[in-house]
Amino acid sequence: MMNKIAKQYQNANHLNTRISIHEKYSTNKQTFGDWIVSQYEMKPGFRILELGCGTGDMWKGNLDLLDDTSQLILTDFSEGMLETARQNVSGHPKLEFRVVDIQNIPYEDASFDMVIANMMLYHVPDLHKGLSEARRVLKPGGKFYCATYGEHGIMEFINNTLKVYHISGSIGTTFTLQNGCKSLSQHFSHVEKLTREDGLAVTRVSDFVDYVLSLSSLTGLEDADAEVLKQAFEQKCINGILYVPKEYGMFICE
């Protein structure tokens, strides 16, 4: 039977709902994807593997950063998600798409100059197997980039707001900004953490309610009334704006 995570990412519908809230209301006007890509150190002829590419949204408008001799392989464990990525990202002569599980990467040792695994390592059943595989296919001197969230952002805000309705969600803590360095240091000799200043300033609370309803990790949501949720978040508004903290960043490993 397909597990909860696989169901959630079988196609891009729920993910697009979550992406859109950031696009509409982030206080940092540089998109998260552009911020992430701006950290990449890419050189001509690089071979790049992205694991868990999702919709491929981070590469939209950024493929021109790659020269024609570079190769970009976008992978995801979900064929449905990968199909969306194919629709979103095109126009590079050496762009490939492939279904891949990070725990069993089907490439030879030292195959890539860069390996990327953004906003997905907390979903990996065997994190250290996944990190070991990412390290295995990375060339000596290559870099591994992995963005993630912190433990004091959106989910904590949702939990504090909705606990009176017995609705709560456990943020996955297997790989966060707080503990990611410890896990990565077991596989990489140098680990650097970058944090991003950002938040949400939501002017249409019903959009944030849609975001909440897209979260499969919340318990007690099945019988929730969307209007009741909206009223709960409206009580948090200041001058008509719902301010939601965000905690995101990334690790760069060698």
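Which residue forms a salt bridge with Asp113, and how far apart are the closest N and O atoms? The partner is Lys139, with the closest N and O atoms 3.5 Å apart. A salt bridge here is a side-chain nitrogen of Lys or Arg within 4 Å of a carboxyl oxygen of Asp or Glu. Asp113 lies in strand β4 (residues 112–116) and Lys139 in strand β5, so the pair ties together parts that are 26 residues apart in sequence.

Before we go on, a word on the model. This is a predicted model, in which local features need pLDDT of at least 70 and side-chain atom pairs count only at pLDDT 80 or more, while totals for chains, interfaces and linings use all residues. Residues are numbered from 1 along each chain as its sequence is written, and side-chain values use heavy atoms, with hydrogens and water left out. Helices (H or I, at least four residues) and strands (E, at least two) are DSSP runs, numbered from the N terminus.

## Salt bridges

The count of salt bridges comes to 12. Three of these pairs are listed here.

| Glu83 | Arg86 | 3.2 Å |

Asp113 counts as buried at 16% relative accessibility, whereas Lys139 is partly exposed at 29%. Glu83 is partly exposed at 36%, and Arg86 is partly exposed as well, at 32%. Glu83 and Arg86 are 3 residues apart in helix α4 (residues 79–88), so about one helical turn separates them. Asp198 and Arg196 are both buried. Elsewhere, Lys24, Arg204 and Asp207 are linked in a network of salt bridges.

## Helices that cross

Axes are lines fitted to C-alpha atoms, for helices over the stretch in contact, and angles run from 0 to 180 degrees between N-to-C directions. Angles under 35 degrees count as roughly parallel, over 145 as roughly antiparallel, 65 to 115 as roughly perpendicular and the rest as oblique. Contact means heavy atoms within 4.5 Å.

Helix α6 packs against helix α8 (residues 205–213) at an angle of about 100 degrees, and their axes are 12 Å apart. The two helices are therefore roughly perpendicular to each other. On the α6 side, Ile154, Phe157, Ile158 and Leu162 take part, and they meet Phe208, Tyr211 and Val212 in α8. The residues of this contact divide into 7 nonpolar, no polar and no charged. In this grouping, Ala, Val, Leu, Ile, Met, Phe, Trp, Tyr, Cys and Pro count as nonpolar, Asp, Glu, Lys and Arg as charged, and the others, Gly among them, as polar.

Helix α6 also packs with α9, at an angle of about 105 degrees and with the axes 10 Å apart. This pair, too, is therefore roughly perpendicular. Phe157, Thr161 and Leu162 of α6 make the contact with Leu229, Ala232 and Phe233 of α9. Here the residues divide into 5 nonpolar, 1 polar and no charged.

## The nonpolar core

A nonpolar core is a set of buried Ala, Val, Leu, Ile, Met, Phe, Trp, Tyr and Cys residues joined through side-chain atoms within 4.5 Å. Which members of the largest core touch the most other members? Of its 79 residues, they are Tyr40, Trp59, Leu121, Phe144, Leu184 and Phe208. Strand β5 (residues 138–149) gives this core its largest share, 6 residues.

Leaving aside residues up to four places away in sequence, Leu184 touches Leu131, Phe144, Cys146, Phe175, Val191, Phe251 and Cys253. Ser183 is found in helix α7 (residues 180–184) and is buried, at 11% relative accessible area.

## Loops worth a look

Ala110 has a positive phi of about 50 degrees although it is not a glycine. Ala110 sits in the loop between β3 (95–99) and β4 and is partly exposed, at 35%. Asn239 has a positive phi of about 50 degrees and is not a glycine either. Asn239 lies in the loop between α9 (226–234) and β10 (242–245) and is exposed, at 78%.

Technical notes
Buried means under 20% relative accessible area, exposed over 50%, partly exposed in between (1.4 Å probe, protein chains only).
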